[in-house]
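Me: Please take a close look at the helix packing in this model and at the nonpolar core that goes with it. I would like one connected account, with angles, distances and the residues involved.

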Amino acid sequence: MLTLISIILGAIVGSFLNVCIFRLPKEESIIWPGSHCPHCNKPIQFYDNIPIFSYIFLNGKCRYCKKPISIQYPLVEGITALSSFFLFMKFGPSLSYLFYFAFVAALIVITVIDLYHQIIPDVISLPGIGVGLIISLILPQITFFNSLIGVLLGGGSLFIVGTVYQWLFKREGMGGGDVKLLAMIGAFLGWKAVILTILLSSLVGSITGILIMALKGKDFKYAIPFGPFLSLGAVISLFWGQNIIDWYLYLNR
Ligand SMILES: [Zn+2]
């Protein structure tokens, strides 16, 4: 029963995340006005705003103007619902579940906004650092010291990489947004997870970059945003970080 509630809660939060994704980059209020169709501006009724199901019932089209609704909406709702479910399985009914769900929800918003706009909004990452530090005082999963070192290591390491890159190539390689995001990841997950996140995101990012260049040609100049890879690395660290570290130590006995 509680598991079902965690899925429903996840889908409802996902619906709210869609609003954040759409409005935060435009610096619009995320509370008011209510949802409306971006094509015909008609307000969306509550019965057309049911996460995932409304998209299916409406066949992916606006009820009024029949223009397509972005697949982003049901995708974000579905991914958020699944995240909530898996976090609930991991942490059970606890504060840890609520805070780590908020953390993953922030990563989902950051990922989609970074994919669209190549920015990571400070309004998420900066308060995220503070919240992560404060909850480390409450949660059994992490100590305050670990969280603090995580922030310093996360912010510091990417800052150094970015500065050296800029000095060598005279252009910005690593955005300031990535630095603040990794500091936030450090605040929630601690310093070991920061190292693991850097390794995982560099690995997956490089493979993706090579694949895109293979498909689109070597001259492909589009900068691939790094935020989604950092977020993915953080989620893998959150769920399997300790297993990966144990496995690595086992191999290197
Ligand atoms: Zn419409």
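Reply: An axis here is a line fitted to C-alpha atoms, for helices over the stretch in contact, and the angle between two N-to-C directions runs from 0 to 180 degrees. The model is a predicted one.

With axes 8 Å apart, α5 and α7 pack at an angle of about 25 degrees. Angles under 35 degrees count as roughly parallel, and α5 and α7 are therefore roughly parallel to each other. The crossing in which α5 passes α7 is left-handed. On the α5 side the contact holds D122, S125, L126, G128, I129, G132 and L133, and these meet G177, K180, L181, A183, M184, A187 and F188 of α7. Sorted by class, the contact of α5 with α7 has 8 nonpolar, 4 polar and 2 charged residues.

For α1 and α3, the axes come within 7 Å and the crossing angle is roughly 140 degrees. Over 145 degrees would count as roughly antiparallel; α1 and α3 are therefore oblique to each other. The crossing of α1 past α3 is right-handed. From α1, the residues T3, S6, I7, L9, G10, A11, V13, G14, S15, L17, N18 and I21 take part, and their partners in α3 are Q72, Y73, V76, E77, I79, T80, A81, S83, S84, F85 and F88. The contact of α1 with α3 is made up of 12 nonpolar, 10 polar and 1 charged residues.

The axes of α1 and α4 come within 10 Å, with a crossing angle of roughly 40 degrees. That angle makes α1 oblique to α4. The crossing of α1 past α4 is right-handed. V13, L17, C20 and I21 of α1 make the contact with A105, I108, V109, V112 and I113 of α4. By class, the contact of α1 with α4 has 9 nonpolar residues, with no polar and no charged ones.

The core comes next. The largest nonpolar core has 51 residues, and the members that touch the most others are V104, V109 and I185. Two or more residues each come from α1 (2-23), α3 (72-91), α4 (95-117), α5 (122-135), α6 (144-169), α7 (176-189), α8 (191-216) and α9 (227-251). Helix α4 gives the largest share of this core, 13 residues.

V104 sits in helix α4. It has 23 C-beta neighbours inside 10 Å and so counts as buried, the cut-off being 20 or more. Leaving out residues up to four places away in sequence, V104 touches S83, L87 and V235. Under that exclusion, V109 touches L17, C20, I21 and I124.

E27 has a phi near 55 degrees, positive although the residue is not glycine. N41 is likewise a residue other than glycine with a positive phi, near 70 degrees. Because 12 or fewer neighbours means exposed, E27 with 8 C-beta neighbours inside 10 Å counts as exposed, and N41 with 9 C-beta neighbours inside 10 Å counts as exposed.

Methods
Residues are numbered from 1 along each chain as its sequence is written. This is a predicted model: local features need pLDDT of at least 70, side-chain atom pairs count only at pLDDT 80 or more; totals for chains, interfaces and linings use all residues. A nonpolar core is a set of buried Ala, Val, Leu, Ile, Met, Phe, Trp, Tyr and Cys residues joined through C-beta atoms within 7 Å. Helices (H or I, at least four residues) and strands (E, at least two) are DSSP runs, numbered from the N terminus. Two residues are in contact if their C-beta atoms, placed from the backbone, lie within 7 Å. Angles under 35 degrees count as roughly parallel, over 145 as roughly antiparallel, 65 to 115 as roughly perpendicular and the rest as oblique. A crossing is left-handed if the near helix is turned anticlockwise from the far one by less than a right angle, and right-handed if clockwise. Ala, Val, Leu, Ile, Met, Phe, Trp, Tyr, Cys and Pro count as nonpolar, Asp, Glu, Lys and Arg as charged, and the others, Gly among them, as polar.
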